Amino acid sequence: MHRTIRLFIAAATLLSATTPAFAQQSGVIEYEVTAKTDPERMRGFQRGGDDAPEIPDVITFKQVFTFNNNIGKLTTERPEGAGFGGRRQRPGGDTSAPRGPRPGGMGMGMGRGGGFNAQYIDLANKKYEQVFSTFGDDKKTYYTEEDYIFTASNKSSDKTKKIAGYTCKKATIQLKDDTYTVWYTTELPFSFSPVNGLLPDSNAVVLSAEGSRRAFTAKSVSLKAITDTDLALPAGAEKVSQEQMREIRRQEMEKLRKRQQQ
């Protein structure tokens with residue numbers, strides 16, 4: 001009887017010790033993103049002419065990073081309203097960010113119905129993998145890779161704060177023409193940032209990054225089993241260089257402009 005009890009206690013202790021380790025291998029991080037818009041540029045993609053809704057100066061939307069087994073996927077919730085974009089920022093709001101660096105450094109989704117971008121992440125090999133599907137009946141899917149960019153020349157700070165339950169360290173990073181205040185944790189067993197180039201440490205997960213024109217803030221981190229199996233690259237996707245991807249995107253955007261003009 002005593003032996004049975006001891007075995008039960010040992011098993012329970014082992015389970016409690018290993019469950020967090022297993023749980024940390026999969027989960028979801030939800031970011032709220034605020035970004036300043038370029039109304040003149042975006043108006044070219046609007047339909048409806050003079051009757052089209054007003055484009056806001058700042059949009060707010062959500063990005064969700066789902067990870068499991070050393071792979072992950074960053075999805076963007078399409079902003080609602082104003083023909084393109086989300087909720088108008090309240091007067092005096094100062095959280096936003098650049099047209100410049102986009103998630104993974106290569107771009108967000110163009111929207112539903114064709115030409116959609118998805119951001120896949122190879123956590124084991126520290127690479128962002130951008131997927132793009134062309135428009136039309138002869139739709140093709142391409143992907144390109146970009147290595148993580150770790151920014152060693154950042155201004156670190158001893159300041160810490162809690163974000164979504166995790167202790168975060170502060171760093172200030174210059175990325176292209178903008179300066180970001182970054183808060184990152186090293187309490188997760190992988191490295192990730194919604195913007196490539198804002199990684200101050202090889203074991204950092206960025207939970208907040210604020211520049212002059214765009215800001216990302218993690219609202220929740222849920223460590224849980226993931227049943228979503230759609231985290232790997234789509235079957236049949238053709239690998240291309242970053243230069244080829246930019247040209248493919250340029251051609252598809254030109255097709256979209258002509259279609260909307262018609």
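Which helix holds both E247 and R250, and how many residues apart are they? I looked: both sit in helix α3 (residues 242-261), three residues apart, about one turn of the helix. Helices here are DSSP runs of H or I with at least four residues, strands are E runs of at least two, and both are numbered from the N terminus.

**Ground rules.** I'm working on a predicted model, so to speak with caveats: local features need pLDDT of at least 70, side-chain atom pairs count only at pLDDT 80 or more, and totals for chains, interfaces and linings use all residues. Residues are numbered from 1 along each chain as its sequence is written, and side-chain values use heavy atoms, with hydrogens and water left out.

**Salt bridges.** I took a salt bridge as a side-chain nitrogen of Lys or Arg within 4 Å of a carboxyl oxygen of Asp or Glu. That rule gave me nine salt bridges.

E247 and R250 make one of them, at 2.8 Å, N to O. I also checked accessibility (buried is under 20% relative accessible area, exposed is over 50%, partly exposed is in between; 1.4 Å probe, protein chains only). E247 comes out partly exposed at 32%, and R250 is partly exposed too, at 47%.

D147 is partly exposed at 45%; K127 is partly exposed at 21%.

I noted E145 as partly exposed, at 23%.

**Core.** For a nonpolar core I used buried Ala, Val, Leu, Ile, Met, Phe, Trp, Tyr and Cys residues joined through side-chain atoms within 4.5 Å. The largest one has 37 residues, and I29, F65, F192 and L207 touch the most other members. Strands β1 (26-36), β2 (58-68), β8 (166-175), β9 (178-185), β10 (205-210) and β11 (214-223) each put in at least two residues. β8 gives the most, with five.

Which residues does I29 touch, leaving out those up to four places away in sequence? With contact meaning heavy atoms within 4.5 Å, I found Q63, V64, F65, F67, V205, L207, A218, S220 and V221.
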